[in-house]
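The following report describes a single protein model.

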Amino acid sequence: MNKLQGSFELLLNLGGPVVVVLLIFSVVGTAIIFLKFWQFFALRLGSSKFVDSALQTWQGNSQGAAIDMVEGNIHPVARVLHTAFVQSQSRLGVSIENAREETLRVAREQLEKLRSHLRMLEVIAALSPLLGLLGTVLGMIKVFRELELAGSKVDPSILSGGIWEALLTTALGLSIAIPAVLMVNYFDRVIDRTRHRMEDTATQVFTGSATT
């Protein structure tokens with residue numbers, strides 16, 4: 001524990017305020033990643049077998065049973081499907097256009113929830129390498145300043161030691177940005193698949209409703 005604390009303090013001393021900001025980014029980014037994994041797991045985004053069963057039931061003119069199959073399901077596609085089922089029932093007296101619009105509104109709301117906090121993760125992925133580069137530039141300025149003050153009595157260790165200290169912030173920034181970029185792209189891919197599933201199921205419901 002003491003060794004870890006000592007390494008942490010050394011890192012702060014070498015990198016200064018830039019390292020502090022990068023470490024904050026690291027903590028926030030890690031928290032967002034775990035939060036999104038938990039959200040996607042709780043919503044069971046990887047499981048959508050119920051969709052095909054509900055659509056088959058709906059297309060078999062068992063509208064009440066189809067609604068019951070998705071009612072109360074927290075899966076985003078189930079929310080959209082439930083809205084499409086209810087809105088397209090002829091007894092409600094709403095037009096297909098209005099039913100589609102309401103379903104689209106619910107879909108946008110669900111997708112917005114899935115994308116929550118991802119903007120912050122994108123900012124962390126974009127700013128971390130830039131902050132790391134800023135720390136390197138500031139470190140190099142410090143090194144050349146020390147070389148200027150040393151005059152003709154230049155110690156090569158000053159130059160070599162200063163360079164690796166300056167590059168430390170770049171390495172830290174990249175080590176934060178790379179996982180963040182990977183996770184943003186993974187989460188975006190999952191959300192895109194969910195969006196496509198929403199569009200496909202809603203189209204099947206309204207296409208069938210328009211022909212009946």
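A residue is called buried when its relative accessible area is under 20%, exposed when it is over 50%, and partly exposed in between, with a 1.4 Å probe and protein chains only. Of the 212 residues in the protein, 35% are buried. The model is predicted: local features need pLDDT of at least 70, side-chain atom pairs count only at pLDDT 80 or more, and totals for chains, interfaces and linings use all residues. Residues are numbered from 1 along each chain as its sequence is written, and side-chain values use heavy atoms, with hydrogens and water left out.

## Overall architecture

Helices (H or I, at least four residues) and strands (E, at least two) are DSSP runs, numbered from the N terminus. The protein has eight helices and zero strands, and its pattern along the sequence reads α-α-α-α-α-α-α-α. A contact is counted when heavy atoms lie within 4.5 Å. Taking contacts between residues at least 6 apart in sequence, 76% join residues at least 24 apart. Accessible areas come from the Shrake-Rupley method with a 1.4 Å probe, and for residues only the protein chains shown count as cover. The protein exposes about 12,700 Å², of which carbon and sulfur atoms supply 62%.

## Salt bridges

Side chains of opposite charge can pair when their charged atoms come close. A salt bridge here is a side-chain nitrogen of Lys or Arg within 4 Å of a carboxyl oxygen of Asp or Glu. The count by this rule is ten salt bridges. The table lists some of them, including two that involve Arg 197.

| Arg 197 | Asp 52 | 3.1 Å |

The side chains of Arg 197 and Asp 52 meet in a salt bridge. This pair links distant parts of the chain, with Arg 197 in helix H8 (residues 156-211) and Asp 52 in helix H3 (residues 49-59), 145 residues apart. Asp 52 has a relative accessible area of 39% and is therefore partly exposed.

Asp 200 is partly exposed, at a relative accessible area of 31%. Elsewhere, salt bridges that share partners join Arg 115, Arg 119, Glu 122 and Asp 188 into one network.

Which residues of H3 are buried? They are Phe 50, Val 51, Ala 54, Leu 55, Thr 57 and Trp 58. These residues lie on the same side of H3, because they cover an arc of only 160° around the axis; the arc is that of the directions from the helix axis to the C-beta atoms. Lys 49 and Gln 56, on the other side of H3, are exposed.

## Positive phi values

Most residues other than glycine have a negative phi. Arg 44, in the loop between helix H2 (17-43) and H3, has a positive phi near 55°. Its relative accessibility is 64%, so Arg 44 counts as exposed. H3 is followed by Asn 61, with a positive phi near 65°. In the loop between helix H6 (96-114) and helix H7 (118-150) lies His 117, whose phi is positive, near 75°. His 117 is partly exposed, with a relative accessible area of 45%.

## Surface patch and a buried glutamine

Patches are made of residues with over 30% relative accessible area and no salt bridge; like charges are joined within 9 Å, and nonpolar side chains (Val, Leu, Ile, Met, Phe, Trp, Tyr) within 5 Å. One nonpolar surface patch comprises Val 20, Ile 24, Val 28, Met 120, Val 123, Leu 127 and Leu 130, with about 540 Å² of accessible area together. H2 and H7 each supply at least two of its residues, and the largest share, four residues, comes from H7. Val 123 is found in helix H7 and counts as partly exposed, at 30% relative accessibility.

Gln 110, in helix H6, is buried, with a relative accessible area of 6%. Apart from its neighbours within four places in sequence, Gln 110 is in contact with Pro 76, Arg 79 and Met 198.
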